[in-house]
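Reader: I have a model open and would like to talk it through with you. Could you take me around it, one region at a time?

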Amino acid sequence: MDTRVFLARCDTYEQADSAVERVLDAFGGAAAILAGRKRVLVKPNLIMPKKPDAAATTHPAVVAAVCAAFVKAGADVAIIDSTGGPHSKAVLKMLYSRCGMEDAARQSGARLSYDTRSRTVETPDGRVIQKITLLAPVLGAELVVSVGKAKTHGMMSMTGCSKNLFGCVPGLGKPNLHRKYPNRKDFAGMLVDVCERINPGFSVLDGVWGMEGAGPTGGDPKHLRVIAGGFNPYAIDLAQCHLMGLRRDSVYSLAEAASRGLAPEAPEQLTWLGDDPEPLRTQFLPAIKHKKDAVPEILPNCAGCGDCARICPQKCIAIQDKKAVVDGDSCIRCYCCHEFCPAKAIMLG
Ligand code: SF4
Ligand code: SF4
């Protein structure tokens with residue numbers, strides 16, 4: 001198990017180029033990481049079309065810096081992600097534009113991928129799933145680089161570099177997996193199976209500004225002042241958990257990874273490189289402020305847009321008189337609706 005994590009203090013996104021360069025150099029530089037491979041797929045967290053300053057998505061300055069380093073080292077670099085809604089070229093166009101990826105691609109020489117094909121593959125080492133449908137460009141890449149975002153997460157407590165790869169499940173496949181694995185432990189096991197199947201060759205965390213509270217989309221930006229990276233995405237997740245002041249045992253995917261010997265049990269077992277983590281530590285408000293098993297409650301500011309009804313894996317949300325109504329008996333408490341409501345109109349207990 002590779003326990004190394006490099007931390008580069010980074011107060012503003014204007015410093016992202018030099019921070020990313022420090023991270024990559026600590027592991028030999030982009031050319032050494034490539035080790036002769038050419039086709040690179042950079043996977044940012046673009047959970048929904050939001051502007052970068054909302055801190056819900058990986059900042060374009062970090063994506064551009066990562067892409068530029070691999071382009072300069074001779075790679076053909078493509079950027080791709082998929083939201084929890086339909087996975088189409090039109091949605092990708094809106095997503096890339098809103099999240100600043102068009103600029104990131106232009107500045108770095110990377111391509112934006114509009115290839116919406118997917119493939120179902122086996123997961124030979126899967127503990128929870130034996131087959132998974134993933135974005136074809138991810139499966140066709142020689143090197144996948146996960147560029148995650150430091151955020152709290154209602155169901156999993158936290159999202160970073162390993163959970164970021166769940167975005168490689170195309171569109172509505174994601175709510176379907178929520179329906180199939182409503183239990184948090186099973187869901188975390190599925191996330192680790194997905195990460196292991198994709199097997200990212202390098203990971204970088206955008207923790208310059210993270211998200212606290214109602215993450216992963218409705219929380220508030222919080223200054224964390226760091227870009228982290230390394231070969232082991234779970235090691236970076238553990239470092240992130242430590243820096244955000246979250247309990248390791250509250251992060252289900254980390255517990256699962258540790259039980260498989262993929263992540264250390266505690267931050268003291270990490271090999272910390274770069275800047276001292278202690279001055280960077282802070283306390284993020286946790287995402288799980290609601291009662292366990294709370295049924296989502298619709299607030300008066302619901303605009304009746306229907307996004308929650310479309311994403312709900314149980315189809316237990318209806319729009320009546322231009323307001324969402326939840327059938328609590330059928331709800332599996334996955335909180336996808338809360339995650340995707342653009343109006344922050346869903347409360348969890
Ligand atoms: S997504 Fe939010 S605003 Fe839209 S219908 Fe659902 S609760 Fe209302
Ligand atoms: S109502 Fe919300 S929490 Fe319940 S199953 Fe649907 S999306 Fe999940």
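**Contacts, cores and ligands**

Author: Let me begin with Ala68, which touches Ser108 and Gly109 once residues up to four places away in sequence are set aside. Please keep in mind throughout that this is a predicted model.

Reader: How many residues apart in sequence are Ala68 and Gly109, and what is the distance in space?

Author: They are 41 residues apart along the sequence, while their C-alpha atoms lie 6.6 Å from each other. Ala68 itself belongs to helix α3, and it counts as buried because it has 20 C-beta neighbours inside 10 Å, where 20 or more are needed.

Reader: Staying with α3, what share of the largest nonpolar core comes from it?

Author: The core holds 114 residues, and those that touch the most other members are Val20, Val42, Val66, Cys67 and Ile227. Helix α3 gives the largest share of this core, with 10 residues. Since domain 1 (4–280) and domain 2 (297–347) both contribute residues, the core lies between them.

Reader: And Ile227, what is it in contact with, beyond its sequence neighbours?

Author: Leaving out neighbours within four places in sequence, the contacts of Ile227 include Ala16, Ala19, Val20 and Val23, and also Ala8, Cys10 and Val62. A further group of its contacts runs through Val204, Leu205, Asp206, Gly207 and Val208.

Reader: Which residues of α1 are buried?

Author: In α1, which spans residues 16–26, the buried residues are Ala16, Ala19, Val20, Val23 and Leu24. Viewed down the helix axis they fall within an arc of 130°, so they line one face of α1.

Reader: Now α4, please: which of its residues are buried, and where do they fall around the axis?

Author: Helix α4 covers residues 89–98, and its buried residues are Leu92, Leu95 and Tyr96. Seen down the axis of α4, these residues lie within an arc of 95°, so they line one face of the helix. Among what covers them are α5 (101–108) and β4 (111–112), and just after α4 there is Gly100, with a positive phi of about 80°.

Reader: Switching to backbone geometry, where is the cis peptide bond?

Author: The cis peptide bond joins Gly215 and Pro216, with omega at about 15°. Pro216 sits in the loop between β9 and β10.

Reader: Which residues other than glycine have a positive phi?

Author: I can point to Ser157, with phi near 80°, and to Tyr335, with phi near 65°. Ser157 is found in strand β8, residues 157–159, whereas Tyr335 is placed in the loop between β14 (323–326) and α12 (336–340).

Reader: Is each of those buried or exposed?

Author: Ser157 counts as buried because it has 24 C-beta neighbours inside 10 Å. Tyr335 is buried too, with 21 other C-beta atoms within 10 Å.

Reader: On to the ligands: which residues come nearest to ligand 2?

Author: Of the 14 residues around ligand 2, the nearest are Cys312, Cys331, Cys334, Cys336 and Cys337. By class, this shell divides into 12 nonpolar, 1 polar and 1 charged.

Reader: And ligand 1, what surrounds it?

Author: Ligand 1 is surrounded by 13 residues, of which the closest are Cys302, Cys305, Cys308, Cys341 and Ala343. The shell around ligand 1 consists of 10 nonpolar, 2 polar and 1 charged residues.

Reader: One last topic: how many residues of the two domains are in contact, and what separates their centres?

Author: Domain 1 has 13 residues in contact with 13 residues of domain 2. On the side of domain 1 that touches domain 2, the residues divide into 5 nonpolar, 7 polar and 1 charged. The centres of the two domains, taken over C-alpha atoms, are separated by 27 Å.

Methods: Residues numbered from 1 in each chain as written. Chains lettered and ligands numbered in written order. Predicted model: local features only at pLDDT ≥ 70, side-chain atom pairs only at ≥ 80, totals over all residues. Near = placed C-beta within 6 Å. Nonpolar A, V, L, I, M, F, W, Y, C, P; charged D, E, K, R; others polar. Buried ≥ 20, exposed ≤ 12 C-beta atoms within 10 Å, placed from the backbone. Helix = DSSP H or I, 4+ residues; strand = E, 2+ residues; numbered from the N terminus. Arc of directions from axis to C-beta. Contact = placed C-beta atoms within 7 Å. Core = buried A, V, L, I, M, F, W, Y, C linked by C-beta atoms within 7 Å. Domains from an automatic or database assignment.
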